[in-house]
Amino acid sequence: MNRLYALIWVVVLVMPAFGQGLWVDGQHPGMNTNPRICQLEDWLRQHGDGVEFYQSNDVVYDDEITYRWKAFYDVLAPIHRMLLTAGRANNLNDEEVQQTYLKIDSVHAATRRQLDEVLDTIRTAFGCLGREAKESYLYEYHKDGADTINYSIAFRNRKGILDYSRFGHAMQFWVPREVASFSYVSRKEDIWYPSNPDTKLKRVLVDHRTYGNYSHVYDEPRGIADDELRPFDIAAFEAHIQPALETLKAVKGAKAWPVYWEHDEDYEAGIRYDDPLLWKSQPLHEKHAGLTTGTHYFVPARYEAEIATLRHQLDSLALDYVNRHREQPYNYTFIPATMVLDSGGHIFNIYGQPFSGDIVEGPSFNGSNSYNLRCYRDDDGFHVLSVTTAGDLWIPKGWQKMKRWVNGKATYRRL
């Protein structure tokens with residue numbers, strides 16, 4: 001039995017996540033799309049794959065609203081995430097090590113069946129969708145424990161054009177208004193894990209790695225003339241989400257603090273493990289001044305039910321606002337779990353991948369300030385940032401306890 005493989009799936013199943021399973025107002029976002037795809041994505045969301053949803057109105061580069069769904073899993077990522085954030089492999093005592101192995105044994109058969117069910121469901125869905133599509137490409141190869149699956153389907157094309165590219169046994173459609181794809185690779189690899197020989201967990205030769213990626217993109221005309229486009233209305237948006245913020249402030253132990261982060265153009269900083277930044281909105285080689293102000297809201301970790309409700313309210317109100325205002329640029333993101341800030345100040349999503357944590361971004365347009373509504377969680381609790389930026393947004397590490405940050409110099413709140 002490959003104990004590591006099973007352990008990874010244990011972590012996936014039991015990983016705590018505020019807001020897990022949310023779907024805005026109980027509805028599948030972007031209901032104008034193919035009903036069979038909606039059913040597939042609802043099923044994936046309920047079976048642990050964490051479908052993420054993005055909606056974008058980029059008024060600079062195109063004239064359409066773009067909707068994107070995706071689900072990604074790498075069977076090694078959750079175990080990397082667990083060990084990175086908690087140093088768990090080094091902290092286990094002998095009894096906990098044995099308990100971990102017992103958990104692995106008890107769920108191995110169940111997790112294998114679950115994975116097979118996911119693949120069978122996707123195969124069936126894409127087989128049916130292929131018959132409804134403008135064009136489809138379905139490829140599978142299985143030999144000696146190595147599996148490769150590549151599906152791509154295009155439903156509608158723009159102005160009679162259907163452009164695509166081939167990459168080995170994969171097909172990428174570039175131009176259609178709606179395209180869905182799924183790629184899956186399971187293969188033998190010689191990977192030693194954990195890489196630290198001092199860990200109490202045994203060093204295991206991983207000989208089976210599984211990687212899967214689901215993507216679905218749909219776009220539709222914005223329906224707004226260029227001269228009707230306006231900058232993102234920060235005041236109107238904050239007023240729209242005010243009911244959720246008032247609910248947040250009513251929770252016992254909740255607090256709110258002002259945000260003040262400032263940096264000059266000549267201040268040097270990048271994003272490395274020893275740098276003072278958590279996140280930077282521009283490429284590392286670009287230097288811009290920036291001033292970010294706003295409000296930091298906080299709810300203690302013990303109020304999990306209230307936190308889930310608040311997250312749902314923020315998602316719902318944010319999506320409602322952007323759907324009402326196609327004249328404003330925005331990027332809306334729905335993820336199935338609030339971003340985690342680990343002890344090193346790094347941000348990860350439920351797959352252990354770096355991620356910024358936005359619910360809504362109102363980018364700068366025609367010289368306007370930009371806006372970000374972000375949610376994070378850490379050991380202390382649930383954090384919400386509602387901030388406006390003139391220039392380049394930089395988020396300093398340890399901002400949760402900061403009163404002020406100017407060119408790398410932080411002033412902290414009194415506890």
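**Close-up 1. Strand 11 is the biggest contributor to the lining of the second largest cavity, giving 5 residues.** This is a predicted model, in which local features need pLDDT of at least 70 and side-chain atom pairs count only at pLDDT 80 or more, while totals for chains, interfaces and linings use all residues. Residues are numbered from 1 along each chain as its sequence is written, and side-chain values use heavy atoms, with hydrogens and water left out. Look here for Trp257, Pro258, Val259, Tyr260, Trp261, His296, Trp399, Met402, Lys403, Arg404 and Arg413, which line the second largest cavity. Strands are DSSP runs (E, at least two residues), numbered from the N terminus.

**Close-up 2. The second largest cavity holds about 50 Å³ of space.** On a 1 Å grid over the protein atoms alone, a cavity is a set of points where a 1.4 Å probe fits but cannot get out, a pocket is an open set with protein on both sides within 12 Å along at least five of seven lines, and lining residues have an atom within 4 Å of a point. The model has 4 cavities of 30 Å³ or more. The lining of the second largest cavity divides into 7 nonpolar, 1 polar and 3 charged residues.

Definitions and conventions:
Points joined across faces, edges and corners; volume = space filled by probe spheres on them. Helix = DSSP H or I, 4+ residues; strand = E, 2+ residues; numbered from the N terminus. Nonpolar A, V, L, I, M, F, W, Y, C, P; charged D, E, K, R; others polar.
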